[in-house]
Amino acid sequence: MKKKRKTKEWYTHDEMLDMHIGKPGTPARDKFEMDFSMTLLGSAIREARMRRNLTQEELGKLVGVKKAQISKLEQSAKNTSVETILRVFGAVGARITFSVELQNKRIKAA
């Protein structure tokens, strides 16, 4: 007779990430977290644009880029310069701040 293996019924979000993506600090986990952050940034760009009732084309004209670049930004802000991101948020009247953490020291830039 086979013994049933006890398994945990519920896992936290972090436990699931550890099991399926990798532990924090591993290359796979770092890449996942960066990609996720860029997707969230893209969603924030889309939300800010929509709150201003702008089309992608109108926002592109304000920023000096084509509609296609705004579309790509909204999907994921990956491979985009910080300057472009700042111009986009500036064009929609949003305030953006950066926070960088280096060896337990936090640096904020507004």
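A contact here means heavy atoms within 4.5 Å, and among contacts in the chain between residues at least 6 apart in sequence, 41% join residues at least 24 apart. The model is a predicted one, in which local features need pLDDT of at least 70 and side-chain atom pairs count only at pLDDT 80 or more, while totals for chains, interfaces and linings use all residues. Residues are numbered from 1 along each chain as its sequence is written, and side-chain values use heavy atoms, with hydrogens and water left out.

Five helices and two strands make up the secondary structure of the chain, in the order α-α-α-α-α-β-β from the N terminus; helices (H or I, at least four residues) and strands (E, at least two) are DSSP runs, numbered from the N terminus. Of the 110 residues, 24% count as buried, where buried means under 20% relative accessible area, exposed over 50%, and partly exposed in between (1.4 Å probe, protein chains only).

| Residue | Element | Relative accessible area |
|---|---|---|
| Methionine 16 | helix 1 (residues 13-20) | 34% |
| Alanine 68 | helix 4 (residues 67-75) | 48% |

The chain exposes about 9100 Å², of which carbon and sulfur atoms supply 55%; accessible areas come from the Shrake-Rupley method with a 1.4 Å probe, and for residues only the protein chains shown count as cover.
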